[in-house]
Amino acid sequence: MIGPVKILRRGQTTQDGILITEPFDRLPADFGSVGSSLDYYQRLNEIAGADRDEILASLNDVVANSQLEPMFNQEEGWRISLFRRDIRNPRFLADARQIHSPATPAKFPTSICVHVPAGRMDGS
C-alpha cells in the first residue's frame, strides 16, 4: 500500500458528503488530490518513474502537478478537508515536492493499492 490520499472536488461543500463511491481509473478534471503524509511521496519514489507518474496523473495530484494548486487552494475543502486547518500546508507541499523525484527509478516491481478514506469534509 502506498498510503491514504485526500481528494477534493472544486466547489465541494460540507453538505456534499462522500463524492467517490466507486473504483475509478482516473479522477475527473474537477477533482484534485494530496497524499496524507510525506511518507506517501517517499513510497511513491519506490515505483518506476512512468508508473509513478501515471498514478499521480490519474489522481490529479497537486504535489506532482503544481499547476493544479491555484485551481484548488481557494476552495473551502482545501483548508477544512485536505489540510484540516493546518497552517503548515505550504511547508507540507514544499517538502512533498522536494521528496517527489521523477528521476528516482524503482529497485523492484511494486503492486499498487491506494486507500481513499471515506468521510465528509467536516472530518466525520
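This is a tour of a predicted model, one selection at a time. Residues are numbered from 1 along each chain as its sequence is written, and side-chain values use heavy atoms, with hydrogens and water left out. Because the model is predicted, local features need pLDDT of at least 70 and side-chain atom pairs count only at pLDDT 80 or more, while totals for chains, interfaces and linings use all residues.

**Whole chain**

Start with the protein chain in cartoon view: five helices and three strands. Helices (H or I, at least four residues) and strands (E, at least two) are DSSP runs, numbered from the N terminus. Read from that end, the order is β-β-α-α-α-α-α-β.

Of the 124 residues, 36% count as buried. Buried means under 20% relative accessible area, exposed over 50%, and partly exposed in between (1.4 Å probe, protein chains only). For contacts (heavy atoms within 4.5 Å), take those between residues at least 6 apart in sequence: 77% of them join residues at least 24 apart.

**Helix α5**

Select residues 89-99, which form α5, and then Leu-93 within that helix. Leu-93 counts as buried because its relative accessible area is 2%. Beyond residues up to four places away in sequence, Leu-93 touches Val-63, Glu-69, Trp-78 and Phe-83. Gly-35 is 58 residues from Leu-93 in sequence, yet the two C-alpha atoms are 9.8 Å apart.

Which residues of α5 are buried? They are Asn-89, Phe-92, Leu-93 and Ala-96. Looking down the axis of α5, these buried residues fall within an arc of 95°, so they line one face of the helix; the arc is that of the directions from the helix axis to the C-beta atoms. An α-helix has 3.6 residues a turn, so residues three or four places apart point the same way.

**Aromatic rings**

Next, show Tyr-40 and Tyr-41. Rings of Phe, Tyr and Trp (its six-membered ring) pair if their centres lie within 6.5 Å; planes under 30 degrees apart count as stacked, over 60 as edge-to-face and the rest as tilted. By this rule the count is one aromatic pair. Tyr-40 and Tyr-41 make up an edge-to-face pair, 4.9 Å centre to centre with 85° between the planes. Both of these tyrosines are buried.

Move to Phe-72: Arg-10 lies over its face, at 5.5 Å from the ring centre. The criterion is NZ of Lys or CZ of Arg within 6 Å of the ring centre and within 35 degrees of the ring normal.

Select Ser-58, in helix α2 (residues 49-58). Ser-58 is buried, at 10% relative accessibility. A polar atom of the Ser-58 side chain lies 2.9 Å from the backbone oxygen of Ile-55. Apart from neighbours within four places in sequence, Ser-58 is in contact with Phe-24, Asp-25, Arg-26 and Leu-27.

Finish at Asn-60, in the loop between α2 and α3. Phi of Asn-60 is near 50°, a positive value in a residue other than glycine. Asn-60 is buried too, with a relative accessible area of 13%.

Key
A polar contact is a pair of N or O atoms within 3.5 Å; within protein, one must be able to donate a hydrogen and the other to accept it, and residues adjacent in sequence count only if both atoms are side-chain atoms.
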